[in-house]
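Please read them with the structure open.

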Amino acid sequence: MNVYLALVRRELGGAFNSLTGFVVVAVVLLLTGYSLTDIIGKLNGGADDRPVVEMFYQSAYFWLILLPVTPVITMRSFAAEKATGTYEALMTTPVGDLQVVLAKFTGALLFFLLTWLPLLAVLAVLRQVTKEPAFLEPRATFGAFLGLTLMGSLLLSMGCLASALTRSQIIAAMLSFLMGVGLWVVSLRPEAAAADGDVFGRVADHVSMMRHMGDFARGVVDSRHVVFYVSGTVLFLFLTTRVVESRKWK
Amino acid sequence: MDDVPMIEVRDLTKRYPGRTAVDGLSFSVGRGEVVGFLGPNGAGKSTTMRILASFMPATSGTARVAGFDVFHQADEVRRRIGYMPENNPIHLDMRVREFLKFRARLKGLGWRRSRERVDTVLQQCGLMDVQRRIIGQLSKGFRQRVGLADALVHEPDLIILDEPTIGLDPHQIRAVRTLIKQLGERHTVLLSTHILSEVEMTCSRVLIMNRGRILAADTPQNLERHLSLDGQVVAEIAATPAAVREAFCDVPEIERMDLSAAEGEYTRLALTSKDGQDLRVVVSELVRANGWTLRELTRSKHSLEDIFVHLTKARKEDA
């Protein structure tokens, strides 16, 4: 446990010691700020009975943050260590492979959640200005952050796998971005696809991040969604562990 | 436990696709030895070390560290090894003290113990003054010391250093060597290098490696002795070459004689003996008998460098 915590701390420290970490924080801050002005514009434009969190995740900004940011966070985790050689130093200490994978994933997830904190500030500002209790409504906010955590976990575990596969950070980022965008494209039109009734449509409906986020943002925690993200994350972390172990088979 | 050798390697082989990096290697290292792995680039030194540090498995053969198998009991082995990989990879974005503490925790030291040990190794490696500096801003010599401190921090029985002095300037090399010598007093050390003077100075035993095999294993002094039997004797004598040739041509022990003009009135004479005898006495007696002046009389010793070139070249010609 001690070793695990030391590793997580190192991961977080690494994120803040690098320029990349601050660039990520800055970009998320900028895009959240833009989305705030966007939402204000919409609210001024006329009646809209959607919850604000829903307006937010349905905007392009949300995906513009989520999809590119996760690969950038995880691209360092294994690829950079392999490139600089510290991977060898790490793997010759009495630390288990699984421990390393979990620590890297936890570090990435914590950093990811940290970058989303400004969203709370956005909602708080809106609530302050409009005196409308719907903003920052506890259940919806909790749902939205739970959804973010779950989606982030899945995307970050994909990123860990991509990073473990290569020693180039660029390739790692591209690979995990592709996986994320792939999932997102399937998520785009779930209702239309499901209406067709074919197998692909139903699968698309099941894995649709849009639909999941819709439920979460309304404060509905559907166990099917939770199971989907948790099992997906476990699968990708398992694959990552196998890739890390693979040096022992070569 | 004490009678178990620190390192025991038997028939170790590592094959990469299309290439055999280590080829049936067998050797053992006793406790308290400082052993140098010497060989040209690509001889299989790093691969052997990586296997010993249980970073990757061998294709066949066994390797044991302190009696533990490096593959099946990897954690036991790793706890006992302080390994500094090639090019000394360390986290350049961390501060010296922070890094060493992090590494101490990874190696299973508790909070209090890691603090004590970090203080000790900082002192031992002369890093006290830079402990709060960022590693990336330190000179290469200091970084190397940080790498050494990292290898030492959990008090391992065995220290494996892969090219510890590569890329350093002469002063830094000297400092690192002194440090390694000190380590040899309390730990078993296995280091690799392709710098010959380094093993001559720091190691009690040398393993000369080429193409994945050990060509010779002995103390540096013994290696020199064995191979200096065909040593040459060089003399500078104040006489004409013709006179010198005449005086020496009848000596039966001489196998080969080379004459050349030296500075001033002198002639430079280089003699090779037939069966490894020391020709210096013969030379001095003949010079005295002829009443010449002798300016120089030396027996050229083979340095480790000659031995190395000799052994690795012979191997190349075999292939």
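Predicted model: local features only at pLDDT ≥ 70, side-chain atom pairs only at ≥ 80, totals over all residues.

1. Chain B is divided by the domain assignment into domain 1, residues 7-219, and domain 2, residues 229-299. Between the C-alpha centres of these two domains of chain B the distance is 48 Å.

2. In chain A, helix H7 (residues 97-130) and helix H13 (residues 223-245) have axes that come within 9 Å and cross at roughly 130 degrees. H7(A) is therefore oblique to H13(A). Their crossing is right-handed.

3. Which residues make the contact between these two helices? From H7(A) come Asp97(A), Leu98(A), Val100(A), Val101(A) and Phe105(A). H13(A) contributes Leu237(A), Thr240(A), Thr241(A), Val244(A) and Glu245(A). Sorted by class, the contact of H7(A) with H13(A) has six nonpolar residues, two polar and two charged.

4. How many residues does each chain give to the contact between chain A and chain B? The count is 20 residues from chain B and 20 residues from chain A. On the side of chain B that touches chain A, helix H2 (74-80) and helix H3 (96-106) of chain B each supply at least two residues.

Notes. Residues numbered from 1 in each chain as written. Chains lettered and ligands numbered in written order. Domains from an automatic or database assignment. Axes fitted to C-alpha atoms, helices over the stretch in contact; angles between N-to-C directions. Helix = DSSP H or I, 4+ residues; strand = E, 2+ residues; numbered from the N terminus. Parallel < 35°, antiparallel > 145°, perpendicular 65-115°, else oblique. Left-handed = near helix turned anticlockwise from the far one by under 90°. Contact = placed C-beta atoms within 7 Å. Nonpolar A, V, L, I, M, F, W, Y, C, P; charged D, E, K, R; others polar.
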